[in-house]
Every structure is written in C-alpha cells, then in structure tokens.
Amino acid sequence: MLKYILKRILSLIPVLFVVSCVIFLVVYMIPGGPATALLGMEATPDQIDALNAELGFDRPFLVQYVDWFTNVLRGDWGESYFLHQTVTSAIAEYFVPTLSLAVFAQIIALILSIPLGILAAYKRGTALDLTCVTASLLGSALPGFLLSMFLMLFFGVYLHWFPVAGYAALSEGLGEHLRYLFLPALSLGIVQAAYLTRMTRSSLLETLYKNYIQTARAKGLKEKKVVMKYALKNGAPVILTAVGQSFGSLITGTIVTETLFNIPGLGMLTLTSINRRDVFVIQGVVIFVTLLYVIVNLIVDILYGFTDPRLRPGRK
Amino acid sequence: MKRKPLFGAAALLMSTALVLAGCGGGNSDSGSGGSGDSASKNKEELHVAISANPPSLDPQSINSNIVGGIGVHVYEPLFAMNADYEPTPVLAESYEVSDDGMVYTIKLRQGVKFHNGEEMTADDVVASMNRWIEVSAKANTLIGGSVFEKVDDYTVNLKVNQASSDIIMILASPIQAAAIYPAEVVESATAEGISEYIGTGPYKVSEWKQDQYVKLEAYEDYQPSEGEASGLAGEKQAATPTIYYDVVTDASTRIAGVQSGEYDISEEIPIDNYEDLSSDNGLTLKVDRGGTLNLFLDTTEGVMANQTFRQAVLAALNCDDIMLAAYGNPDLYELNASWSDPTDTQWGTDEGSEYYNQQDTEKAKELLAEAGYNNEKVVLVTTQDYPEMYNATLVVQEELKQAGINAEVETYDFSTFMEHRSDPQQFDMFITSNSYNMLPIQLSVLDSGWAGLNAPEVTEGITAIRAASSDEEAAEAWADLQTFLYEYGAATVLGHYTGVIAMDKGVTGYDYLRFPIYWNVTASE
C-alpha cells in the first residue's frame, strides 16, 4: 500500500516539471510584464525598463527559469511584487477560503444529489425520475455565473437574507463565516449536485438489476436494506470517482464564482496574478493546483479499497 | 419511508439557510456603543467598493486613481488644490519666492504629527520631496533637478531648475502627489515603493488585506489645517471613524452590493447600468467629469508620417457617434475640443476646434487623394479590458473605412496593449481614456514616450508655457500648443467622459476633486 502511494507521488515529479516549464514559457512569451501592471497606464517605457531590470525580468528565459527552479528546489517559491509576501504564504492564505467554500459546496451537493439519485434510480421511469433527470440536466446546462447572479439578486438584493458578496474569515465566528459562504456554496453545490445526481442514478440503476439484488429480495430482506446496503455499496466506486472529481474541481479554485462573490480564494488569486503578470504566483498556484488535483485523485483511489476489497492497491 | 431522504435533505438545507440568514444583521451596528446615540445615528463604518486592489499605497510613485484616491485620505502634501483649482497650503504655512524666481522658502506648520506619533519636521519634508522629484514621473519631467534643502526645523528651501510661474501648482498636483512621509520611511523605500504607510492625514492605514480591503481609521491626533473644507484642502473631519475600501473587481457585484446595503458607496459603475440605477430610489448617483477619451496617431512611421494623411483621419471622425458608442448615454459625456477640463478657467480652451469633430467624409477623401494614400493598412490597437476604449475604436475603424482608409483593429489584453502602444512600429493609432491633469504640460500626449510625438514645436510650447510671466500669458501659450496638436494631426480629443459613483441615499458630505473624497462623509443607519 505504502509503496503504491510512494510510487504515485514519485510519478508526479515529471508532471510538475513539464507543467512548470510550460507555464513559465507561456508567461514569458506573452507581452507585458509585472512592471507594466505595477506602474500603471501612464508609466514611461524608461520607467518600465528600469523596474524590469531591477526585478530581473530583462534576463534571458533560461536564466530566469533555472534561477526560479533551483530556488523552488530549495523551498523558495519566490515573492509576489503586488502582495508583498512570499508565494507560499500567499497560497496558504488564499487557499483557506477556497477550502472552506469547496467543503461547504460539496456538502450541499451531497445532501442534494445522493438522496435524489437513489430515489430517481429506485423509481425509475416515474414522473419523479423524469423530474430528477430533467432538473439535473438543467443544472449541468446552466452557466454557473448566471445561477450565481440569480442567487445574489434574489437572496441578497431582494430578500436581504445573505450578504451579496464578500468573505468573513473563520476568526470572525463560524456563523458569520458560513453566512458569507452560503450563496457561493449553494451556487457551486447545485451545479455539482446536478452532475452527482446523474452519476448516482446511473450507477445504482446498473446494480439494482443485478442477480444478487434479486437474491437479496428473494430471501426477504427489507427494501431499505437492499437498496442502501447492497445496491448502494456496490455502486459506490463510480459515485466516489464522481465525488472525487467534483471535489477536485472545487478545491482547485473556481475563478468565476470567487470573482463574482468576491471571495479571496485560489481562483481569484489565479485570475489577478495573471492580469498582473505576477509570474512567481502564477507558477506557484499552477503547481499547487496540479498537486492538489493529483492528491485528491490518489485519495479517491485509496478509498476504492474500502468500498471494494478487490480494488485494493497491491492486490493482483 | 420511501420519501424520507428527499424531505430530509430539503429540510436540512432549508434550516441551514434560515439559521445562517438569521445570523446576519449584526454586521454594521457592532461598534455603535461608545458615541452618543441621541441625535443622528450615523454608521461607524463606511464601506466603499473599489474596482481593483491598489498596486501599492505609495501615491508618490504610482500613477493610479485608486492609489491616489486612498492616498489623499492618508497622506498630505505641502500644498493641495482647493475647489477652485488654486494651490492652498496644507502642511506648509506660507512661502516666499526670491526675486529671480529660483528659490522658494517654505515655512512648515508646527505641531503636525505623523500617524506614528512623531512630529513632522523639515527633515521629513526634505527627504520626501526629494524622493518625489525623483520617482514621480509627472514631477520629474517638469522640475527634475530641483532640490529641497533644510533651513531650520520648520523651514525648507526649494531650489528650482528653472524659474516658472507654475512651481507651486506642480507641488499641489493630486496625481502622483507630493505626499510627505517620515524620513525613515523614505530611507527604507525600495524600487517597488515604500513599505510602511505613514502620513499626516485624517485617516491612518490600520489594515491592508490584499485583494480584500484597505481599512482606514480616523487618526485621533490629526491636526487639520485651517479654513473651510474645499477640494483637497481645508478642514478634514474624519466624520466616519472607519472607512473600508472593499476590493470588488466585478461590476455587477459592486452594483448588487450597493443596492443591498452591503456597501454604502460603489465606485466605477459601468455606464451600461446608469439608466437602470438612476430609477432606483434608494440610491444617489454622482456623475463627475473625469478626463478625456483621446485618439493618438503615430507621427513617425510609414503613411502615418504624412501630415495630410493624419488630417484626413481627423476629418473623418464623428465624435458624437464615437462617444455614444463608448459611453452609451449623452448625459455621461461632453463634446469639447479642450485637452483640459473645459471648466478650468486657466487651461480650458477650444482652440483648434476647427479640426475637432469634423464629420466630413468628403474632405477626408480629398485629403487622402492629396496625401497619395494607396490603401496601406492602418492598425488600431486596443484592449477589451477597457470597454469604452474598445467600443470607441470599433466606431473609429468604421468611420475611417467610410472615408476609404484600410483600417484594421488588433485587440489585446491590457498589458500587451500597453506594450504595443509604447512602440510606434507596433501601432498606427490607439485610443485611451486619460484622466485630467492639473497642468496641460503634464498631458501624456506631450510625452514622446506615450505615442512617439517628437516635434520641436512641443518642446518649444512647453518652454513658452513655463517661462510665461503671467497666468494669462501661460494660458495663451497653451492655446497655441493645443492648436498645434490638432493642426499637426498628432492626436485628438474625442470627448470628455464622466465617472459614475452610486451611493446610498443616506450618504452625505461627499465631495470630488480628481478623486472621490470621503473624509467629511457620513452615512445614516
């Protein structure tokens, strides 16, 4: 097991290397540099050149990259010129709201989707099933920003139940923290729920017509036990993969939702650092996000083993 | 039993929502304990939604409206503009000029304290002002080489590089302002700017959370200068104890936020929303004239080097259509050939207006023929990051095509656009919106680094304005230079734009001079 995890983590290194190289090249090739963004619209070319030289951005690509790469190996991810802090501390800071939001949104998505998915599969072909399927298709088709704006207008501007935007840190109290996160989490949760409902439904449909279910019923087990224990457990790997993917996409930052609701998370950091050409932050965020995504997938793979012993890593 | 999961889920979600919604309300009235709750109930916190995270809080070096707008609340200069655009002493008490106009002796106010509790003395002023002359591009081009020297603790001398009637005005320019910092802050500053934000203003920076907010708190030992509040000078009260500048990059969020009461004031309301919001009874909209939308022409490369061709371009423009496309509503712009604020009594002039807004396609065609134009491609570079610049560019392209010019538009993101803009080989024309300057000699169009205009007439014109012995003479010299800009076809004003700020009906005391001014603002509960 440990060996398997280690192997997976080691296989990350070439991925990260290629990703970092490509990103560095892309950022290097797009015109405009941090100095242009830092000095504003009416800065003279001389001023921009001077600041670029000062910051070391006038050096050749390879020199810059090797310099950055050796620093990263030493644990120094560079410093942001705009945030006046190191990249690692910036990522640590911006990751907290994203993590909170992702967990909250995932909980909402699970609360909505698992019962709905089970019910739809169980009542296959009925009006209830049809409604669930239609709603989940609609949910996947609806652009996230539209849903966000609708929720913002309805619950924020019209009903005044929730703040329209902003973020309260956990240190301001759990209630306040969740109150600010509720609308964005609901918006993200609904979209994820739409996907998860369909996955739950289809994986359950497959198992519900298997022979062992017939057997379980035949030997007189209660319906609840048949569905919740036998069917659901056997459908779990598919659902888990879907949940893992959905959590992976939530935790790596949701640019649009975070920007709309003004949540200082990874998504917002990504967008603003690209606009500012804040090279080291872009690099740091991309590598961090890649890492996160791979780790989430790894955890999902390991979890398979708990739902289905046949899939335990290391078993032939 | 079968329906249980669905109902359970719905019930759980609803109850979470209601509990969370119930938590609210304790947000803004948390600090209302101490002060008198008798007469008017004003908020203790003012929330202002701004459109971008300030790149720094160093107004000396950064040419940014957001930095400048926050900066005027925190830092003060020796002189500042009052509502009539007259330089008025703020940290200075008085000044005298030597007979040859080369030495300014400036007396400082005594007993003024920085936010760190230390008294402001000549050492701080000398260090700050000498840094300012170096790092502020606006100052450097005009009075570079001038030096501040200490005479005694409350007197400094300014030895200027060249006698001019506008020295005190330059010291009072609000953008890239001559903010006075403590000497030790200046000494520890790097190329990226200062790292401590200490001034003498009515508010001190209490917290800056990147990408979230800048929190200002009233400075209890603030020493206001005498005289009634007027523009950026006079009495500043810090009427609301705390100001939050909330960074809200998305415009629709700024709008929803001011409508819901999350923010008391939202800056940079997009023009598209102007009509919608003006029918909202809970809001007041402030429309302040902000600057000019300009078309700059390359004067050096290929067909653009031909003055007759450039004249053809100016002849083809219909500025009303361009401004309407850019700003959407005739209430929000004004057509005027002046490069300065038309209401500015000294510098507002419509000299050269025969070249402005000509709407004469026939004349353009004739001039093209005369210039020997042979359907060479002409490139307009622009960026969609500033919708007004982009929309105006599309209309200009259409109008140029009508006249028979092979005009093409290239669109980039902002940073790339700026890169193209600074190199005449990479553009033929471009449009930018530029905020007003206090002095016309500070205009970007006169800077050869902006759009490559490098004519001797410009340098001569600037010298004439600066060497003028009276305000009238200076105004006349500027009118001549403005005429030259039009005649030469170097650039044209397209029109004057306004900025829209939305605020709650309960907000009073708002003022505007180059930046929104909040130090006398209160918001009722």
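Student: Is the crossing in which H8(A) passes H9(A) left-handed or right-handed?
Tutor: This is a predicted model. In it, H8(A) passes H9(A) in a right-handed crossing.

Student: At roughly what angle do the axes of these two helices cross?
Tutor: The axes of helix H8 (residues 144-158) of chain A and helix H9 (residues 174-208) of chain A cross at roughly 140 degrees and come within 9 Å. H8(A) is therefore oblique to H9(A).

Student: Which residues make the contact?
Tutor: From H8(A), they include A:Leu147, A:Leu151 and A:Phe155. On the side of H9(A), A:Leu183, A:Leu186 and A:Ile190 are among them. The residues of this contact divide into 9 nonpolar, 4 polar and no charged.

Student: Turning to H5(A), how many residues does it have?
Tutor: Helix H5 of chain A, residues 61-73, has 13 residues. From its first C-alpha to its last it reaches 18 Å, close to the 18 Å expected at 1.5 Å a residue. Just after H5(A), A:Gly75 takes a positive phi of about 90 degrees.

Student: And chain B, what domains is it divided into?
Tutor: Domain 1 of chain B covers 45-264 + 506-523, and domain 2 covers 289-499. Their C-alpha centres lie 31 Å apart. Domain 1 of chain B gives 14 residues to the contact and domain 2 of chain B gives 12.

Student: Which elements give two or more residues to the domain 1 side?
Tutor: They are helix H4 (137-143) and helix H5 (167-171) of chain B. The residues on that side of domain 1 of chain B divide into 7 nonpolar, 5 polar and 2 charged.

Key
Residues numbered from 1 in each chain as written. Chains lettered and ligands numbered in written order. Predicted model: local features only at pLDDT ≥ 70, side-chain atom pairs only at ≥ 80, totals over all residues. Domains from an automatic or database assignment. Contact = placed C-beta atoms within 7 Å. Helix = DSSP H or I, 4+ residues; strand = E, 2+ residues; numbered from the N terminus. Nonpolar A, V, L, I, M, F, W, Y, C, P; charged D, E, K, R; others polar. Expected span 1.5 Å × (residues − 1). Axes fitted to C-alpha atoms, helices over the stretch in contact; angles between N-to-C directions. Parallel < 35°, antiparallel > 145°, perpendicular 65-115°, else oblique. Left-handed = near helix turned anticlockwise from the far one by under 90°.
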